[in-house]
Amino acid sequence: MLLALARTESRMSSQSTNTGAESWSDRYRAKDTPWDIGAPHPELARRIANGDLRPRREGATALVPGAGYGHDALALAEAGFVVTAVDLAPETHGDVARRLESAGGRFLHQDVLGYEGEIFDLVFDHTFFCAIEPAERGRWGRFVRRVLAPGGRLVAIVFPSGKPRENGGPPYTSEVEDMVAVLPKDLELMSVEPVGAPLPRREWREWWAVFESR
């Protein structure tokens, strides 16, 4: 079954690169969502459990862009963050989103790259950066700078690392260096480590990267 899931996820790169709201909605309506594992990423769960990713203050806020059904967002809310999850597709608003809202968070449906207003102590990126066409990634860098509070952290599960660029996407090949290239200089890369609890169905490498706003 894991092999079949890996093949399904890899086929995302050979499909249309139309990543607008209707395209994502079509995928959710068809339940063609190989990126969803029905739970938070195991590395996120591990980092929360061992204390690596905990709120630094009471009421600390977190933003999860491209949240999908909201499993990662809910895990952060249960760890003590006040979480805002954002996804283009209204179909992502289900039981997990309602549990997030019951925990004091919120779930928004909009283009998160245009988000303005509130700033956050944490931005958690998993399956969002890799879904953006490489030519558009500068918008992602500006978005992170706009929404991240001074002293805040950007934490990212960076994948698919090592995927040939000619394979296209989404998911498009993503390296930590790709993030560094589009982030402002006052976001310092603090650490990069191989994901200790990777998803076995993923063909390419995953990294845990932490940036901090100065």
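Contact is taken here to mean heavy atoms within 4.5 Å, while axes are lines fitted to C-alpha atoms, for helices over the stretch in contact, with angles running from 0 to 180 degrees between N-to-C directions. The structure is a predicted model, in which local features need pLDDT of at least 70 and side-chain atom pairs count only at pLDDT 80 or more, whereas totals for chains, interfaces and linings use all residues. Residues are numbered from 1 along each chain as its sequence is written, and side-chain values use heavy atoms, with hydrogens and water left out.

The protein has seven helices and seven strands, where helices (H or I, at least four residues) and strands (E, at least two) are DSSP runs numbered from the N terminus. Read from the N terminus on, these elements follow the order α-α-α-β-α-β-α-β-β-α-β-α-β-β. Of the 214 residues, 51% count as buried, a term that stands for under 20% relative accessible area, with exposed meaning over 50% and partly exposed in between (1.4 Å probe, protein chains only). Among contacts with a separation of 6 or more, 67% are made by residues 24 or more positions apart.

The strands form an open sheet of seven, in the order 3-2-1-4-5-7-6 and with mixed pairing; two strands are said to pair if DSSP finds at least two bridges between them. Strand 3 (106–108) and strand 6 (187–194) are the edge strands, each pairing on one side only, and neighbouring strands of the sheet are turned by 20° against each other on average, direction ignored. Strand 4, in which seven of seven residues are buried, runs parallel to strand 1 and is joined to that strand by two bridges, with L63 standing opposite V123 of strand 4. Six bridges, again in the parallel sense, link strand 4 with strand 5, and here D125 faces A156 in strand 5. The β-α-β crossover that leads from strand 4 through helix 6 to strand 5 is right-handed, which means that, with the strands pointing away from the viewer, the path from the first strand over the helix to the second runs clockwise. By contrast, strand 6 and strand 7 pair in the antiparallel sense over seven bridges, and V192 stands opposite A209 in strand 7.

Helix 5 lies across strand 2 and strand 3, running at about 130° to strand 3. Helix 6 (residues 137–147) packs on the sheet and touches strand 1, strand 4, strand 5, strand 6 and strand 7, its direction making about 150° with that of strand 5.

Helix 4 (residues 71–78) is mostly covered, seven of its eight residues being buried, namely H71, D72, A73, L74, A75, L76 and A77. The cover over these buried residues includes helix 3 (42–49), strand 1 (61–65), strand 2 (82–86), helix 5 (95–102) and strand 4 (120–126). Helix 4 is followed by G80, whose phi is positive, near 115°.

A nonpolar core is a set of buried Ala, Val, Leu, Ile, Met, Phe, Trp, Tyr and Cys residues joined through side-chain atoms within 4.5 Å. The largest such core has 27 residues, and those with the most contacts inside it are L44, L53, L76, V83, L100, F124 and W208. The largest share of this core, five residues, comes from helix 4. Apart from it lies another core, of 24 residues, among them L63, L183, A209 and F211.
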